[in-house]
Structures are given as C-alpha cells and as structure tokens.
Amino acid sequence: MALTGIQIFKLLPKTNCGECGVPTCLAFAMNLAASKAELTACPYISAESSALLSEASAPPIRPVAIGTGDNVVKVGGETVLFRHEKTFVNKPGLAILITDAMAADEIAGRIKRFQDLKYEWIGLVLRPEMIALKNESGDAGKYEALVKKVVDETDAALILSSDNVEALTAAVKVAAARLPLIYAATAANCDALAALALEYKCPLAAKADNIDDLMALTDKLTAAGVKDIVVDSGARTVRRAFEDQMFLRRAALVAKNRSLGFPTITFPCEMTADPMKEALIAATFIAKYAGIIVLSDFQGEVIFPLLVARLNIYTDPQRPMMMQQGIYPIGNPAADSPVLITTNFALTYFIVSGEIEASRVSAWLLVMDTEGLSVLTAWAAGKFVGDAIGQYVKKSGIMEKVNHKKLIIPGFVAAVSGDLEEELGPEWEVKIGPREAAHLTPYLKMGV
C-alpha cells in the first residue's frame with residue numbers, strides 16, 4: 001500500500017535543503033505521495049529509507065524502454081491524467097506494421113518509408129521510431145529472416161508479434177540486442193513467454209479479452225519476475241479501445257491499481273481499412289492515452305500531422321522550446337557579412353532566420369540564451385538588456401569570424417542600445433533593426 005505524505009516525511013532527512021526543487025522536506029513528501037516527484041531528487045536520502053520509499057516514489061505507470069541507442073522508445077512513467085496538471089512524460093511510439101506474408105517489394109517499400117519519413121521541425125527531427133513485425137505466415141524460418149532483414153537495415157525499436165512461441169523465440173534471439181517488445185503473453189502461453197522475456201531481458205506485452213483477465217495476467221507475470229510489461233486490453237473497436245485507455249489510465253493514477261500500472265499498446269491498423277480514418281483513430285490514442293500505436297502503413301500526409309500532434313501534446317507547456325546559444329551562419333556569410341542578434345526562443349529563431357534567408361543576404365545570427373523567452377518578454381524580464389547582450393557578444397567568438405564591429409539588434413529593444421554600446425566599447429556601432437522580422441528582408445537588401 002502506498003504511504004501517506006506524513007509517513008514519507010518521517011523517513012526523509014528533514015534537512016529542508018531545497019535541492020529537490022521544493023523548499024521543505026514536508027512539501028517534497030507530499031509530492032512523493034501524490035506521485036508528482038521522484039525519490040532520486042533527494043540527494044541525502046539513506047539507503048534504508050530509499051528502499052522503504054521505493055513503492056511510494058515509483059511512478060504509478062511503470063516506465064518501459066523498448067529498443068536501444070538513439071532510437072530507444074520510452075513509454076509509461078506518466079503521473080497525471082491531464083497535461084495542464086504537470087506534463088506528460090514519454091510520448092507514444094508510432095509503429096509501422098510489416099508481416100512476413102507480404103511480398104518482398106512491399107516489405108522493402110515499408111522499410112524505405114520508415115527510413116525516409118523524417119522531418120526537421122523547430123530544431124528537432126520528428127520521426128516514427130518503431131516497426132511491428134508480425135508472423136502472419138506461420139512459418140518460423142520466414143519470420144526469422146524478416147526480423148534479421150529489419151535489424152540489419154534499420155535502427156527501429158521492434159515489436160515482435162507471433163502466436164507461435166517457437167517463432168518468437170527464434171526472432172528474439174536474432175533481435176535480442178535491440179531489446180524488442182515481445183507480443184504477446186496470454187493466459188495460454190504466459191509461462192513460456194515470461195521465461196523468454198526474462199532470459200533475454202526484453203519487455204513483454206500482456207493481452208487479454210477484458211480488464212479483469214488482464215489484471216490476473218499481469219499479476220501472474222509480475223509474480224514470475226517480469227516487470228517491464230505493456231498491456232493490451234484486446235479491444236479492436238474504436239469505442240471500446242478508447243474506453244479502455246481511459247479506464248486503464250484512471251485505474252493506475254487515481255485508484256493506484258498496480259496490476260494495471262503499465263503502458264498500453266493499441267492497433268488502429270486493426271480497427272479500419274480506411275487510411276484517413278486510421279489516422280484519426282491514431283490521433284485519438286496519442287491524446288488519450290496509448291503508449292504504442294501500430295499503424296498499417298506510413299504515408300507522409302498521415303505521419304507528419306501525427307508527429308506534430310504528438311510533439312504538441314508531449315511538450316512541457318511550462319517550458320518553451322529553445323535553440324542552443326551560439327553563432328548561426330545564414331547562407332554563406334563572410335568576414336564582412338552583417339551580424340544580427342536575437343533570443344533563443346525557437347519560434348523567434350526560425351522566423352528571423354527564415355526572413356534572412358529570404359533576403360538572400362548572407363549573415364551571422366547570434367542566438368543568445370534567454371531561457372527560451374521571446375525578444376520583448378526577455379527584455380521585460382531583464383534577460384535581453386544592454387549589459388547582458390554586450391557580455392554575450394564579447395565572449396561569443398563572433399570577432400573571430402568578422403572584420404567589423406557592427407551589430408544589428410531588434411527594433412523592439414532599441415532602448416538598450418546605449419547600455420550596449422557602453423558595454424561593448426566606443427569602437428562598436430549598434431544598429432537598430434526593424435521591429436518586426438517580416439521587415440528584415442528589405443532592411444538587409446538596403447545594404448546595412
């Protein structure tokens with residue numbers, strides 16, 4: 001049973017050091033009890049207390065990692081029902097379905113689409129991460145060959161799906177280094193698949209026809225020592241699958257039901273034959289509350305909006321998207337090219353850089369760390385003011401790239417020019433740029 005906040009407080013060091021992010025140990029204890037904090041945030045907890053508090057501090061939905069390296073997919077770990085309460089933690093993995101009954105050309109085409117459908121978006125690379133490999137033919141050898149091909153040709157996090165335990169065993173041996181998700185343990189095969197998952201340290205999916213049977217199955221698997229579990233309620237209609245996602249999330253977060261405290265997997269690919277309807281179903285499960293979503297195929301017009309929707313939902317609403325501080329060459333700037341400066345709010349950067357590119361005037365763009373704030377907000381917060389800008393310019397390294405001392409600042413912060421010139425020195429010329437980025441093109445074409 002989970003501990004209360006007061007019970008947790010009694011086991012904390014009571015230093016009130018604030019290093020956990022809240023001012024007192026009591027406040028930290030209350031956050032632990034509400035699953036809004038991690039025990040690892042306390043640097044002074046004793047080993048004995050840490051062991052006693054492990055249940056209270058564990059996320060109500062177990063985090064599960066599928067795959068390895070840069071393309072590892074982490075699902076679960078959620079602590080809230082609604083994004084505005086805190087933030088969602090691990091975005092759902094998007095998987096393309098490939099079966100061993102498909103023709104070679106079809107398999108090759110799906111692998112290519114998986115590899116090619118990547119998009120640069122506000123400084124990020126958006127891409128699907130997973131491939132679900134299904135043993136539809138019933139031929140263990142054919143399935144093993146498919147798994148080997150995908151392992152050799154992609155970096156995908158894998159879902160290995162078969163009703164044949166022998167075929168799954170052979171496939172897991174081929175892909176074990178990728179830590180694939182084994183799909184799926186049922187009441188009939190759970191002993192064999194639990195042993196397989198434990199032997200290769202792979203996560204295991206549990207599938208049942210209803211919630212009660214699913215609880216019994218996860219209890220049996222955890223008793224056998226399997227901890228990394230992904231659950232499938234068996235629903236293959238939109239309404240029931242949606243209801244199950246809601247029920248499972250509430251059971252884990254509100255009722256603290258450990259038997260259902262696992263990420264979920266959904267199959268829009270089995271709910272409709274219409275690609276556009278499938279995309280709408282997938283979008284529904286991105287919002288509420290799938291851990292993995294398996295699609296029948298990837299097409300650009302479908303996968304891109306799903307990736308953007310996922311990004312929007314799983315971006316911390318309290319933390320703006322930011323660029324790295326640094327010098328960004330726009331075009332092919334030379335030593336005599338103009339130097340502009342802006343903040344590291346991602347949207348500001350992309351608008352400003354886009355306007356500079358449109359002008360076809362090569363330039364150096366200094367991006368200053370303002371904790372992700374836009375120009376006016378950063379100025380109002382005292383983070384984009386004359387002395388701070390001047391200090392950054394001097395240490396940025398821009399003088400190693402240019403042969404002049406001219407700096408263009410946003411027109412909205414023209415008031416800082418005096419302080420900036422004082423900080424930089426009399427040899428610098430501070431120029432006031434346009435107030436709006438949209439006016440940068442004509443401004444730069446005037447030959448500043």
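**Entry 1: Arg-178**

I began with Arg-178 and placed it in the loop between α6 (165–175) and β8 (181–185). I record here that the model is a predicted one.

I then asked which side chain of opposite charge is nearest to Arg-178. It is Asp-155, at 6.4 Å. A salt bridge requires a side-chain nitrogen of Lys or Arg within 4 Å of a carboxyl oxygen of Asp or Glu, so I noted no salt bridge for this residue.

I next looked up what the side chain of Arg-178 reaches instead. A polar atom of this side chain lies 2.7 Å from the backbone oxygen of Val-151. The side chain also reaches the backbone oxygen of Ala-156, at 2.9 Å.

I listed the contacts of Arg-178, leaving aside its neighbours within four places in sequence. Ile-66, Gly-67 and Thr-68 are among them. The list also includes Val-151, Thr-154, Asp-155, Ala-156 and Leu-158.

**Entry 2: cavities**

I recalled that rolling a probe the size of a water molecule over the atoms shows where empty space is left. I asked how many cavities of 30 Å³ or more the structure holds. There are three.

The largest cavity contains about 140 Å³ of space. I found that 18 residues line this cavity. Those nearest its centre are Ile-61, Arg-249, Pro-263, Thr-264 and Tyr-289.

I located Tyr-289 in the loop between α10 (275–287) and β12 (292–295).

I noted another cis peptide bond, which runs from Tyr-183 to Ala-184 and has omega near 0°. Ala-184 belongs to strand β8, and the loop that holds Arg-178 lies between α6 and this strand.

**Entry 3: Ala-241**

I turned to helix α9 (residues 238–253), where Ala-241 is found. Is Ala-241 buried or exposed? Its relative accessibility is 4%, and it therefore counts as buried.

Not counting residues up to four places away in sequence, Ala-241 touches Ala-235, Met-271 and Phe-285. I also compared Ala-241 with Val-430 and found the two 189 residues apart in sequence. From C-alpha to C-alpha, they are 60 Å apart in space.

**Entry 4: two lysines with positive phi**

I looked up Lys-201, which has a positive phi of about 55° although it is not a glycine. This lysine lies in the loop between α7 (190–200) and β9 (204–207). Lys-201 has a relative accessible area of 67%, so I recorded it as exposed.

Lys-256 likewise has a positive phi, near 55°, and is a residue other than glycine. I found Lys-256 in the loop between α9 and β11 (265–266). Because its relative accessibility is 39%, Lys-256 counts as partly exposed.

**Entry 5: the whole chain**

The secondary structure comes to 16 helices and 17 strands. Of its 448 residues, 50% count as buried.

Taken along the principal axes, the C-alpha atoms fill a box of roughly 80 × 65 × 35 Å. I also considered contacts between residues at least 6 apart in sequence, and 66% of these join residues at least 24 apart.

Definitions and conventions:
Residues numbered from 1 in each chain as written. Predicted model: local features only at pLDDT ≥ 70, side-chain atom pairs only at ≥ 80, totals over all residues. Heavy atoms only, no water. Helix = DSSP H or I, 4+ residues; strand = E, 2+ residues; numbered from the N terminus. Buried < 20%, exposed > 50% of the residue type's maximum accessible area, 1.4 Å probe, protein only. Lys, Arg positive; Asp, Glu negative; His and termini not counted. Polar contact = N/O pair within 3.5 Å; in protein donor to acceptor, adjacent residues only side chain to side chain. Contact = heavy atoms within 4.5 Å. 1 Å grid on protein atoms, 1.4 Å probe; cavity = no way out; pocket = protein on both sides within 12 Å on 5 of 7 lines; lining within 4 Å. Points joined across faces, edges and corners; volume = space filled by probe spheres on them.
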